[in-house]
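Let's go through this model and ask what stands behind each label. Have the structure open while you read.

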Amino acid sequence: MNFNESIEKRRTFGIISHPDAGKTTLTEKLLLFGGAIQSAGAVKNNKIKKTATSDFMEIEKQRGISVATSVMAFGYKNKQINILDTPGHKDFAEDTFRTLTAVDSVILVIDVASGVESQTEKLMEVCRMRKTPVIIFINKMDRDGKESFDLLDELEHSLTIKVRPLTWPIGMGDRFQGVYNIYQKGLNLFSANKTKIAEDVYAVEDINDKELDEIIGEEPAEELREELEMVEGVYDAFDREAYLAGEVAPVFFGSAVNNFGVKELLDTFCEISPSPRGRITDLRPIDPYESKFSGFVFKIHANLDPKHRDRIAFLRVVSGTFERNKFYQHIRLNKKMKFPNPTSFMAQDKSVIEQAYPGDVIGLYDTGNFKIGDTLTEGEKMMFKGIPSFSPEIFQELENLDPMKSKQLDKGVRQLIDEGVAQLFIQQPGNRKIVGTVGQLQFEVINYRLINEYGAKCRFVPRNYFKACWITTDNEAQLETFKKAKHNLLATDKDDNLVFLAETTFLLTMAEQDYPDITFHKTSEFMLDK
Ligand code: G4P
């Protein structure tokens, strides 16, 4: 197989959902179809258990196990599929956002009863910003839930994306009979079955055929005909280009736990989803088909076990071929590095690889050289853009409890920030360290790791901020006035960008009104345009 074919066959994507919608179950079924695992339960056991929310050591232990499932690769119908796992726990949302920079498309799982939930909205916002193509899987059709047209309306409004059903459910809950595949004109009948992966499929070329009445009953058949007519009336025909541009999301209905609707989803996914795409750098856009290797680090996983203090940096290959033991340029450090043990992740196994292609994610053992967003190339001095930071939601000031250990504390904090555990803002006077996170759990992680890895003791004092907004403006005079008026609420981020720490929504709105020429960004994504 030549280089171009190796790229074209790859599909790198992430599955996202609000916790409990069925992401883990769906992932597992996809792996079963791909033959990557032999039995159900293999992925599930690695899942961060919901009950453990306050016990971070337990979560870390499980996170450790789940490194192996961070990337799950398998072959299906001539395609090489890479699923990038995203943590469901909301305190690790930032991890998920960063993982989304390394995928080329996304499958969004929605629970038919719950519809769009808070986490779903936030994740979709990230997809929209990056124009990531999205397929929606409406799960748990074996349970009663929202009426299909209402749910599709809700998706369009809450997620600000057009939708287009490609399958249509016949009933739901106890009356759920299966789905009609609009795209392939077939009827798939449902039978609750958690282990079998085959479905009863009938080709129904013409839905007006009386055969349909015989199979699913007269009334449901009539209802289906009416609903399909409405679907065709309400929604534009499926347009792959619009999907690839992130403008329309095809929708599938099914029941992951019963293996129902998963095969259609996977088959259609293979047909329509994008092969690896390029990425932009501060210098120029990079095409995956370029012969020279380039890639970026989007995630760092630290091992909490003091006997194994190694870290794994996850690198997405953007262009060219990555080769084991070849020297590459670490752009930020301006240093040549080679990697004797790059690993790929095949379901539960980690194995050393010789080569990797665009779309692949590889694990590089690291002793502290990498931070999130780092770029490796064959020498060209460029940095990939767009590993976004989002405004944290909880802010606490870090106080050093042992002045003799302030060097260790500084080093430890810097390392943890590089790994993306939290964000750090420096406030003047006095270089005060304000740590921002999306969840309380991170503070426990930081505290624990500073003591255990760096011997540094600290204390967190809550600070009452609501959002950190990056600010930009062309109006220097207005910026100066703003700085004078708000000096006690200003800070700088890790790259020395100016940040406004707003105390309430109201005060943020006031600032926006009072300083109309200043833009207040809630994510650092605007730097893409810089
Ligand atoms: P998540 O990763 O998005 O958090 O969700 P997960 O797959 O863990 O699924 C959450 C719960 O929903 C699980 O039940 C799972 O079995 C169930 N589920 C998934 N798909 C379907 C479906 O199509 N129909 C129905 N009725 N349930 C579904 P649980 O009780 O939390 O866990 P378990 O004890 O069943 O493993």
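Q: To start with, how many helices and strands does the protein chain have?
A: This is a predicted model, and its protein chain has 14 helices and 31 strands. Of its 530 residues, 57% count as buried.

Q: What share of the contacts between residues at least 6 apart in sequence join residues at least 24 apart?
A: That share is 73% in the protein chain.

Q: Why is α2 called roughly perpendicular to α10?
A: The axes of α2 (residues 23-33) and α10 (residues 262-272) cross at roughly 70°. Angles of 65 to 115 degrees count as roughly perpendicular, so α2 gets that label relative to α10. The two axes also come within 10 Å.

Q: Which residues of α2 and α10 meet, and what classes do they belong to?
A: From α2 come Leu26, Lys29, Leu30 and Phe33, and they meet Val262, Lys263, Leu265 and Leu266 of α10. By class, that contact has 6 nonpolar, 2 charged and no polar residues.

Q: How do you know whether Asn369 is buried or exposed?
A: Its relative accessible area is 17%. Buried means under 20%, so Asn369 is buried. As for its place, Asn369 is in the loop between β22 (361-366) and β23 (375-377). Leaving aside neighbours within four places in sequence, Asn369 is in contact with residues including Arg311, His330, Arg332 and Asp374.

Q: How does the span of α6 compare with the one expected at 1.5 Å a residue?
A: Helix α6 (residues 148-159) has 12 residues and reaches 16 Å from first C-alpha to last, close to the expected 16 Å.

Q: What puts the buried residues of α6 on the same side?
A: The buried ones in α6 are Ser148, Phe149, Leu151, Leu152, Leu155 and Leu159. They cover an arc of only 165° around the axis, so they sit on the same side of α6. As a rule, residues three or four places apart point the same way, because an α-helix has 3.6 residues a turn.

Q: What about α13: why are its buried residues said to be on the same side?
A: In α13 (residues 476-485), Gln478, Leu479 and Phe482 are buried. Their arc around the axis is only 100°, which puts them on the same side of α13. The face turned away from that buried side carries exposed Glu476, Ala477 and Lys484.

Q: And what covers the buried residues of α13?
A: The cover includes β28 (467-473), β29 (490-492), β30 (498-502) and β31 (518-521).

Key: Residues numbered from 1 in each chain as written. Predicted model: local features only at pLDDT ≥ 70, side-chain atom pairs only at ≥ 80, totals over all residues. Heavy atoms only, no water. Axes fitted to C-alpha atoms, helices over the stretch in contact; angles between N-to-C directions. Helix = DSSP H or I, 4+ residues; strand = E, 2+ residues; numbered from the N terminus. Parallel < 35°, antiparallel > 145°, perpendicular 65-115°, else oblique. Contact = heavy atoms within 4.5 Å. Nonpolar A, V, L, I, M, F, W, Y, C, P; charged D, E, K, R; others polar. Buried < 20%, exposed > 50% of the residue type's maximum accessible area, 1.4 Å probe, protein only. Expected span 1.5 Å × (residues − 1). Arc of directions from axis to C-beta.
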